[in-house]
Amino acid sequence: MSPSPSPFAAAIGGSAVVDARRRADALAARGVEILDFGIGEPDFEPPAPVREALIRAVREGRDKYVDPRGLLALREAIASFETERHGLAADPDALVVTTGSVGALSLASRALFAPGDEVLLLEPCYGPYRNLVTLTGAVAVGVACAKRSGRFVVEREPLAAAVTAKTRAIIVNSPCNPTGRVLREPELRIIAGIAEEHDLWILSDEVYTDIPRMIAGSGHQSSHLGP
Ligand SMILES: Cc1ncc(COP(=O)(O)O)c(C=O)c1O
């Protein structure tokens with residue numbers, strides 16, 4: 001018998017998306033033609049200066065420990081971005097650089113949630129949020145968004161009704177995977193209002209924050225993207 005994982009780790013399921021991907025890869029390896037509607041691989045390359053800087057860093061031997069929060073120059077650049085883009089007075093010392101959005105959500109979840117806490121998810125939502133919450137021993141509580149004129153909409157009543165004395169946080173994702181929905185100002189005000197009223201954290205996953213800008217820049221039309 002081998003030692004068991006923690007009950008929290010034992011409680012999480014696998015990823016349906018990764019499972020589908022593995023099965024598709026196995027079929028492709030056998031020569032079956034696969035039409036891939038799966039993993040959201042970007043159809044553009046990282047900008048050339050980023051790739052060049054990465055190659056230069058490897059060549060220059062910049063492979064030693066740095067501040068675990070990330071390079072100061074990078075945190076300063078992120079703070080300036082937050083000030084210019086969102087008008088936030090971000091302190092580089094309060095920023096942590098992570099490997100991707102899930103890395104940040106994972107650290108934030110472990111920093112904020114404890115067994116027995118409840119965390120609200122605005123559904124439909126990105127699948128792994130549920131596992132990230134479960135891994136901390138907290139309970140993920142799905143709040144179904146209302147469907148109005150072809151949009152998934154955040155409304156006050158269902159969100160307020162889901163809050164209990166155990167609620168710790170709301171996880172927000174805009175633009176949203178899987179729906180593509182961009183939250184509008186009244187919806188953001190509802191979320192912020194409930195969070196303030198009940199002293200809740202908001203974890204905001206903004207991994208796709210530039211997509212509306214990119215689409216606007218390309219002259220492309222999307223029915224999902226609101227003002
Ligand atoms: C909403 C959302 N958050 C996070 C991620 C993962 O981001 P990262 O690869 O930066 O961890 C994805 C990837 O599909 C996503 O759709």
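This is a predicted model: local features need pLDDT of at least 70, side-chain atom pairs count only at pLDDT 80 or more; totals for chains, interfaces and linings use all residues.
Residues are numbered from 1 along each chain as its sequence is written.

From its first C-alpha to its last, α3 reaches 16 Å, close to the 16 Å expected at 1.5 Å a residue. After α3 comes G61, with a positive phi near 70°.

Across the protein chain, there are nine helices and six strands, taken as DSSP runs (H or I of at least four residues for helices, E of at least two for strands) and numbered from the N terminus. Buried residues make up 16% of the 227 residues, and the C-alpha trace spans about 55 × 50 × 50 Å along its principal axes.

Here are the elements of one β-α-β unit, which is right-handed:

| Element | Residues |
|---|---|
| Strand β5 | residues 167–173 |
| Helix α8 | residues 185–198 |
| Strand β6 | residues 201–205 |

Right-handed means that, with the strands pointing away from the viewer, the path from the first strand over the helix to the second runs clockwise. β5 and β6 run parallel and are joined by five bridges; V172 has S204 in β6 as its bridge partner.

Now to the ligand: its surroundings include G40, Y126, N173 and D205, with C-beta atoms, placed from the backbone, within 6 Å of the molecule. Helix α5 (residues 100–112) gives the most to this shell, three residues.

Note on methods:
The expected span of a helix is 1.5 Å times one less than its number of residues. Two strands pair if DSSP finds at least two bridges between them. A residue is buried if 20 or more other C-beta atoms lie within 10 Å of its own, exposed if 12 or fewer, and partly exposed in between; C-beta atoms are placed from the backbone.
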